Amino acid sequence: MTGAALAAVAVGIILEDVPVFAAGGGVLALLILFAVLGGKRRPAGGEPPVGRLALARIEDLRATGGESADVPVKFRLTVAPDPEDARPAYRVKITQHINLVDLPAYRPRGIAVVEYRPDKPWDVRIVTRPAPEWSRRAEEAEIDSAPDSTLVSNPDVGEGSWCLLVLLAFLAGAVLVVLLFRGPLFTAVNDEDTPPNSPSTSSSSSTSRTFTTSTTVSGPSSSLLSFGRMRATAMELESRVQTAYVTEVTIEDRRMAVSGDSTRPPTETFHLQSLP
């Protein structure tokens, strides 16, 4: 709907069609209004569960760079949840900024204090300044590595498929509107590119007049070989130059051009209505 609304606004501006422009602008305004109202809604059900503290085994860690005192570090952890959750140990991958001063305290096979959410086990954060009791428990604890099959991740984070779907839907809406108005839209573009009267050589007087003009066909039957298209294009050029007698006709697949000189006698000219 967003793609169709934006395309309708653009088509309305090009064709100077107020109803099409108003329809596209109205739908676009409604979509923006719904997005704003949807963003202000609060999910029901109360506050989310409070995070709980637990111990985790550092399986692996790798600093990914950074120019400040806090560098992003990728951790691979085995989290041992609180016994009240009745959940076995599981693996998780997280990225967290760690101060360079505290970085030596984290090493593979070491034990760290983490905070996790029971409803979202992938939401894990290392507690850099735990309470003395938890620090003592981390020093004394031993946690076995969980198998790789227990790795959990955020199911809401896709691999780009959702973004691709949104892009395709956006383009589909825009293409649909353009196809609906392809006839008048392409005609308007051609009229802008080829003015009705574009003589390359003209000398107007009471006794002689030379002219040259051309046009390019477009639309579903965009070829002069289509039935009836050559005659219709010739009549259009005749109305431009205001005469059916020309001295030269150039016919291509999608372009027709004529030129003439009013001083030539009819026997030396070509009548446009004689085209098939």
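Where is Gln242? I started my notebook there and found Gln242 in the loop between α6 (229-241) and β7 (245-246). A reminder to myself before going on: I'm looking at a predicted model.

**Entry: two residues with positive phi**

I checked the backbone of Gln242 and got a phi near 65°, a positive value in a residue that isn't glycine. The relative accessible area of Gln242 is 71%, so I put this residue down as exposed.

Arg109 gave me another positive phi, near 70°, and again the residue is something other than glycine. I found Arg109 in the loop between β3 and β4. Its relative accessibility is 61%, and anything over 50% counts as exposed, so Arg109 is exposed.

**Entry: the whole protein**

I stepped back to get my bearings. I noted six helices and ten strands in the protein. The protein has 276 residues, and 29% of them count as buried. I also looked up how far apart in sequence the touching residues are. Among contacts with a separation of 6 or more, 61% are between residues 24 or more positions apart.

**Entry: the five-stranded sheet**

What is the order of the strands in the open sheet of five? I read it as β3-β2-β1-β4-β5, with antiparallel pairing. The edge strands are β3 and β5 (120-126), since each of them pairs on one side only. Neighbouring strands in this sheet are turned by 45° against each other on average, if I ignore direction.

Then I looked at what lies against the sheet. Helix α3 (residues 132-140) packs on it and touches β1 (52-63) and β4. The direction of α3 makes about 55° with that of β1.

**Entry: zooming in on β4 and β5**

I followed the chain from β4 into β5 and found a hairpin that joins them through two residues. The two strands pair in the antiparallel sense over four bridges. I wrote down two of the partners: Arg117 has Lys120 in β5 as its bridge partner, and Val114 has Ile126 in β5.

**Entry: the nonpolar cores**

Which residues have the most contacts inside the largest nonpolar core? They turned out to be Phe75, Leu77 and Val124, in a core of 20 residues. The elements giving two or more residues to this core are β1, β2, β3, β4 and β5. The most comes from β2, with five residues.

I clicked on Val124 to see its neighbours. Leaving out residues up to four places away in sequence, Val124 touches Leu77, Val79, Tyr90, Val92, Ile94, Val114, Glu115 and Tyr116. Val114 was already in my notes as the bridge partner of Ile126.

There is also a second, separate core of twelve residues. Its members include Phe211, Val217, Met256 and Leu272.

**Entry: rings**

How many aromatic pairs are there? I counted one. The rings belong to Phe75 and Tyr106, with their centres 6.0 Å apart, which is within the 6.5 Å limit for a pair.

I traced where the two rings come from. Phe75 is in strand β2 (residues 70-80), and Tyr106 is in the loop between β3 (90-99) and β4 (111-117).

Next I looked for charges sitting over rings. Arg87 lies over the face of Tyr90, at 4.7 Å from the ring centre. Tyr90 is also one of the residues that Val124 touches. Arg137 lies over the face of Trp134, at 4.0 Å from the ring centre.

**Last entry: Ala10**

I finished up at helix α1 (residues 2-15), where I found Ala10. Its relative accessibility is 36%, between the 20% and 50% cut-offs, so Ala10 counts as partly exposed. I also took a distance from Ala10 to Val20: these residues are ten apart in sequence and 9.2 Å apart in space, C-alpha to C-alpha.

Technical notes: Residues numbered from 1 in each chain as written. Predicted model: local features only at pLDDT ≥ 70, side-chain atom pairs only at ≥ 80, totals over all residues. Heavy atoms only, no water. Phe/Tyr/Trp six-rings, centres within 6.5 Å; stacked < 30°, edge-to-face > 60°. Lys NZ or Arg CZ within 6 Å of the ring centre and 35° of its normal. Pairing = 2+ DSSP bridges. Axes fitted to C-alpha atoms, helices over the stretch in contact; angles between N-to-C directions. Contact = heavy atoms within 4.5 Å. Core = buried A, V, L, I, M, F, W, Y, C linked by side-chain atoms within 4.5 Å. Buried < 20%, exposed > 50% of the residue type's maximum accessible area, 1.4 Å probe, protein only.
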